Amino acid sequence: LAFRAGHGYVGGMTQRPIALPIVTFESVDVSVFENEESYTVQLIVDGFVESGQDIEVFIKSRDGSAIAGEDYDPIDTSIAFEPVIGLQFRGTLTPDDVFPEETKSFEIFMTASPGVYLSPTTVITVTILNDDPPLPEVNISFAETQLTVREGEGIVQFRLLKADDLSVPGGRGIVRVMLTTADGSAFGAPFGSGDYQPLDVVIAFDVNDTEQIVSTTITDNERLESVESFTATIVALSGTFPVAVVMNATATVDIVDDDIVVVGFDPALYTVGEGRQTLSVAVQLLFGETDVDFSVIVTSSDMDAIGGEDFEAVD
C-alpha cells in the first residue's frame, strides 16, 4: 500500500486524513435515574492533535420515548475543549414528577467543526429510569348507590366517602375525582328545562376530609308523571397524587312524582225523569296536568233514593 504523507492511503479506498483528531463518545449509552436531575456524557479525543489546538463539536438531542421539555432539557449547542483533557458534558432532566413511569429514552448526536474527524460512535442513547415508588391509593366511593327523591323536594344529595391508607407515605395528600351524571328516563338540562340539573364537576378531598356532599336540583314541573331515573358516576382523574381508587362508582337516582291532579264530576248536579233508562255522568280533570294514564273509582250512595229499588247501584 502506498501512503502520501499527511493524507493516508491514496489507493481505491478512502481513509480519513491521519493528521485530523478523532472525537468519539466514550460510551454508546448512558442511564440515569429520574430523580438524579442530571447525567454526564464523556467525549474523548484520539489521533494527531497539534499543540494548543482546541476541539469543537456540535451536539444536539432528539426525542425518543422521552420528550424534550417534559422529561429532559433539550440540547442544541457547540462545545470546545482541550483534547488532552477531553470533556465531560453534563445534561439535565426536568424536575422529578413523583409519578411512576415506564423507562424512557432519547438520543444525543454529534457533528464536527472543520478539521475534526468523528468516529462511528456519534450517537448516544440516554435512558431515564423510573425510581418513583408506587403512589399511595385512596378509596373514593358513594355512600349510597340507590337514592330515591320526591320531585317536590327539589334537590338530591350524593355523599362521597374517602378512605385513607395512613400507613402509606404520602397518602395524606389532596385527592381529586370527577362526578358526572347521565340520563336514564330522566332528562338532564340546565336552568330547570329538564328533569334535573346535570353535573360534571371536580371534587377535591382535602387531607382531613372523610366525605364530600354534592347536590343537584330536581325540577318540579307540576305534571303527574311516572318514576324517572338518572345515574351519577365517580371518575378517577389521571395524573393526580395520591391516586384515587373508585369503588361503588355509580349511583342511581329515582325521581318519584308527588304532583297532584283534581278529578271531579262536571257538572255535579243531574236531574233525570223516572222513566229514563240510563244516566250518563262526566268525570273531568279539573286541575293539573298528567303524562301518565290513571284510574278513578266511581261509587254511588243512597240518599232518599234507594239503590236496587230506585236505581242500579254503581261501584
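Which residue in strand 11 stands opposite Ser105? That would be Thr127.

## Ground rules

This is a predicted model, so local features need a pLDDT of at least 70 and side-chain atom pairs count only at pLDDT 80 or more, while totals for chains, interfaces and linings use all residues. Numbering starts from 1 along each chain as its sequence is written, and side-chain values use heavy atoms, with hydrogens and water left out.

## The overall picture

The protein has zero helices and 24 strands.

Take the contacts (heavy atoms within 4.5 Å) with a sequence separation of 6 or more: 67% of them link residues 24 or more positions apart.

## How strands line up

Back to the opening pair. Strand 9 and strand 11 are antiparallel partners, joined by six bridges; two strands pair if DSSP finds at least two bridges between them. Strand 11 (residues 123-129) also runs parallel to strand 4 (residues 29-33), with five bridges between them. Val30 has Val126 as its bridge partner there. Strands of a sheet pair through backbone hydrogen bonds, either parallel or antiparallel.

Elsewhere, four strands make an open sheet with mixed pairing, in the order 17-14-12-20. Strand 17 and strand 20 (243-247) sit at the edges with a single partner strand each, so one side of each has no neighbour in the sheet. From one strand to the next the twist averages 25°, using axes fitted to C-alpha atoms and angles from 0 to 180 degrees between N-to-C directions. Seven bridges hold strand 14 and strand 17 in an antiparallel pairing, and Leu161 has Glu211 in strand 17 as its bridge partner.

## Two threonines

Thr217 belongs to strand 17 (residues 211-217). With a relative accessible area of 43%, Thr217 is partly exposed. Not counting residues up to four places away in sequence, Thr217 touches Gly154, Ile155, Tyr196 and Gln197. Thr217 and Val156 are 61 residues apart in sequence, yet their C-alpha atoms are 6.4 Å apart in space.

Thr24, in strand 3 (residues 21-25), has 14% relative accessibility and counts as buried. Leaving aside neighbours within four places, the contacts of Thr24 are Gln42, Leu43, Ile44, Met110, Ser119 and Thr121.

## Aromatic pairs

There are four aromatic pairs in the structure. A pair here means rings of Phe, Tyr or Trp (its six-membered ring) with centres within 6.5 Å; planes under 30 degrees apart are stacked, over 60 edge-to-face, and the rest tilted. One of them is Tyr39 with Phe106: the centres are 5.9 Å apart and the planes meet at 70°, so it's edge-to-face. Tyr39 lies in strand 5 (residues 38-47) and Phe106 in strand 9 (residues 104-112), so the pair ties together parts that are 67 residues apart in sequence.

## The cavity

Strand 14 gives the largest share of the lining, three residues.

Most residues other than glycine have a negative phi, and most peptide bonds are trans. Asp266 and Pro267 are joined by a cis peptide bond, with omega about 5°. Pro267 is in the loop between strand 22 (262-265) and strand 23 (283-287).

Glu37 isn't a glycine, but its phi is positive, about 75°. Glu37 lies in the loop between strand 4 and strand 5 and is exposed, with a relative accessible area of 53%. Glu222 also has a positive phi, near 55°. Glu222 is in the loop between strand 17 and strand 18 (223-224), and at 58% relative accessibility counts as exposed.

Definitions and conventions: Buried < 20%, exposed > 50% of the residue type's maximum accessible area, 1.4 Å probe, protein only.
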